[in-house]
Amino acid sequence: MEVLIAMCALHTVALISPGPDFLLVVRNSVRYSHRTGQWTSVGIALGILVHMTYCILGIGFIISQSILLFNILKYLGAAYLVCIGIMSFLSKEEGMPLADEHKEQKQLSPASAIKMGFYINVLNPKATLAFVSIFSAFITPETPFATQWIFAAYACVSALVWFSFVASVFSISKVQLAFAKARNRIDRTIGVVLVSLGLRVLDT
């Protein structure tokens with residue numbers, strides 16, 4: 001129980017620290033809608049499930065020890081961050097002005113939002129290292145699989161709850177109105193940050 005509590009606490013601290021997942025949820029919630037932000041959160045939770053699965057199976061350790069495999073993951077993750085960042089930077093105002101509730105707003109489909117959330121999480125090499133580090137520090141051959149899967153369930157559910165909360169906050173009407181006039185600048189700022197994160201991944 002002490003091990004499980006420690007793992008959950010460490011994951012929670014890492015989860016609420018702003019990163020690519022957070023930026024993507026904010027972007028999709030502000031630019032599109034609460035629903036799009038929540039579907040993005042589902043994709044992130046599914047990405048974490050992938051991390052949990054390979055860590056429990058021991059593959060995560062192999063990836064962390066293999067320069068080739070880790071570099072493949074690193075380059076894919078960096079490329080995806082840069083791609084999303086460029087798309088955000090170059091994007092133009094879409095849909096209705098927020099003050100006009102009677103016009104139809106262009107939306108991302110649930111599948112597209114889930115894919116974005118999934119890929120930005122599962123291709124993040126820092127997430128791989130973080131979860132492998134947690135498992136290496138706390139899990140031993142004697143640790144029951146039930147304990148490991150309980151932590152996996154917590155990691156996925158807590159991510160879904162946290163990022164759904166973030167989506168809700170950035171979908172509040174007053175927040176939306178505050179961001180409305182600066183939406184393009186926000187997109188460009190998030191785009192620059194995501195590209196910077198992608199380039200930083202390449203340097204690690």
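**View 1. The largest nonpolar core of this predicted model has 38 residues.** A nonpolar core is here a set of buried Ala, Val, Leu, Ile, Met, Phe, Trp, Tyr and Cys residues joined through side-chain atoms within 4.5 Å, where buried means under 20% relative accessible area, exposed over 50% and partly exposed in between, with a 1.4 Å probe and protein chains only. Val26, Ile48, Met52, Phe135, Phe151 and Phe163 have the most contacts inside this core. Its largest share, eight residues, comes from α8, a helix in the sense of a DSSP run (H or I, at least four residues) numbered from the N terminus.

**View 2. Phe135 and Phe151 form an edge-to-face pair.** Rings of Phe, Tyr and Trp (its six-membered ring) pair if their centres lie within 6.5 Å, and planes under 30 degrees apart count as stacked, over 60 as edge-to-face and the rest as tilted. The two ring centres are 5.8 Å apart and the planes stand at 65°. Because Phe135 belongs to helix α7 and Phe151 to helix α8, the pair ties together parts that are 16 residues apart in sequence. Phe135 and Phe151 are both buried.

**View 3. Gly37 lies in helix α3, which spans residues 34-57.** Gly37 is buried, with a relative accessible area of 0%. Leaving aside neighbours within four places in sequence, Gly37 is in contact (heavy atoms within 4.5 Å) with Val25, Ser29 and Ala167.

**Notes.** Residues are numbered from 1 along each chain as its sequence is written, and side-chain values use heavy atoms, with hydrogens and water left out. Because the model is predicted, local features need pLDDT of at least 70 and side-chain atom pairs count only at pLDDT 80 or more, whereas totals for chains, interfaces and linings use all residues.

How values were computed. Helix = DSSP H or I, 4+ residues; strand = E, 2+ residues; numbered from the N terminus.
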